Amino acid sequence: MARLLVKNGYVVTVDGGRAVHPDGFVLIEDTRIAALGAMAELPADAQADEVIDAAGCLVVPGLINLHQHHWYTLFKGLADGYLLEDWITGFVFPLVRHLDDGAMRVASYLDGMEMLATGTTCSLNHSVTTTTPSMVRAIIEPQAELGIRQVFAKELRCRTPGNPNHPLSLDESLAAMAEEVERWQGASDGLVRMAMVIEANAHWIAAGMSTDELVRKGYEFARDRDLRISGHIAGGTLSLDKGFLKHLRATGRTDVQYLMELGVLDKHWLMIHGIHVTDTDIAQMAHVGCHFVYTPSSEAMRGGGIAPFAKAQAAGVNTALGTDGPMVDYSVDMIEQMKICTLMQHVRHLDPTRMPVERTIEMATINGARALGLDHEIGSLEPGKRADIAIFDMRKPHIGVLNRPLSTFVSAGKGTDAKAVIVNGAVVYRNSAFANGPSFDEVLGEATQRARQIAEAAGHGPRFAPAWR
């Protein structure tokens, strides 16, 4: 039995009592937490095969990124200045046609490395492309090799009026989904889990990309296998020509109301973005127990608005955080998301008490685990849970005096303050080095080359010009 001791740290448990141990320890046996508490409670004869001295560091549950698109990391810096609808049609769609397994694989390595290096130990990867079995393998395997926990949400798409060239019928797509779930669910010692993407927002329904039958049958498939369903809702600009209001006027119902009318909205759904959800939507979400995922820097970068997450929290909706993707907002740093979440909610409500940093830490840890149905395993530091832990060095010039460590962590800290990251009891990142996988320089070199080739093939070459706008 391998034993790892993290000692002398400021241990933030996010357990049921929200215990904090200013001078604490965490003892790990194999993949799970065996004990934790104040250093004064550590038995004198406690033995460990390895010791990490966390003096001057925060020791927190590994951060959980509930919404990101891994291949977006290839195209950082190219997509400034687009509203959401123009970004999708004018920037994203041309890129998608040139993505292949090789691009997906190197993007998965790069994305996984950035997450580990900023303290994230688990993410949900929301597929926005049509993936083949070989492409799914190219996405999942690199992050499994790196040792990060992942939930791959595979898209449910089929031949529909708006997607007439898709090779599969709905029943064939569901059969293919079943094969992928069978292949990957629980792989790599449980580090890999599967979920489903169902796009049921007004834009997709109006475009004929999704249908009532697709949503119903997809939901039944996920419910029967207890898979989570990830879906974008209530996003985009308030435009009568091409944005959210156009489709709201055409359908006469919000995205939440549509799912309620179909009778499918429940705890399996992760509702993403939700910039324009109504008070009625929030009440319905709280009633059925679905989950609400905020990506604040993404909404801000696209000029979409500020979603009502403080209001949703107050109504009893489980709220979590995601990053969306570097092609949108340049980062997968979850500390950045926590800070922006607090700032944006305070601005929306003109009230500096509406989103305390403690709430955003919960959103990035235990709430994310609850949304995935994994709160019995991860999301807090408790004996018996999986040892997913991030250790952040707080002895940095940009941090300074630690009068209130949690406030300073969220408001002044950076993901790159991560000193060590532990997933499933294994140290997978420490002092800027990854324990597994290829070298970062190798990955970055290939990713840079592929990104340039794909962007130019998609017609985005002019965006590389070093012009001052």
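Predicted model: local features only at pLDDT ≥ 70, side-chain atom pairs only at ≥ 80, totals over all residues.

A: Asp 30 has a positive phi of about 55° although it is not a glycine, and with a relative accessible area of 39% Asp 30 is partly exposed. Most residues other than glycine have a negative phi. Ser 432, in the loop between β16 (426–430) and β17 (433–434), also has a positive phi, near 70°, and at 62% relative accessibility Ser 432 counts as exposed.

Turning to the rings, the count comes to eight aromatic pairs. One of them joins Phe 292 and Phe 309, which are stacked at 3.9 Å centre to centre with 20° between the planes. Because Phe 292 lies in strand β12 (residues 291–294) and Phe 309 in helix α11 (residues 309–315), this pair ties together parts that are 17 residues apart in sequence. Phe 309 is also stacked with Tyr 294, at 4.3 Å centre to centre and with 15° between the planes, and this pair links strand β12 to helix α11 across 15 residues. Phe 292 and Phe 309 are buried, and Tyr 294 is buried as well.

Elsewhere, Trp 71, Tyr 72, Phe 75 and Trp 87 form one aromatic cluster. Charged side chains also meet rings: the charged end of Arg 225 sits over the ring of Phe 221, 3.7 Å from its centre, while Arg 452 lies over the face of Phe 464, at 3.9 Å from the ring centre.

Methods. Residues numbered from 1 in each chain as written. Heavy atoms only, no water. Buried < 20%, exposed > 50% of the residue type's maximum accessible area, 1.4 Å probe, protein only. Helix = DSSP H or I, 4+ residues; strand = E, 2+ residues; numbered from the N terminus. Phe/Tyr/Trp six-rings, centres within 6.5 Å; stacked < 30°, edge-to-face > 60°. Lys NZ or Arg CZ within 6 Å of the ring centre and 35° of its normal.
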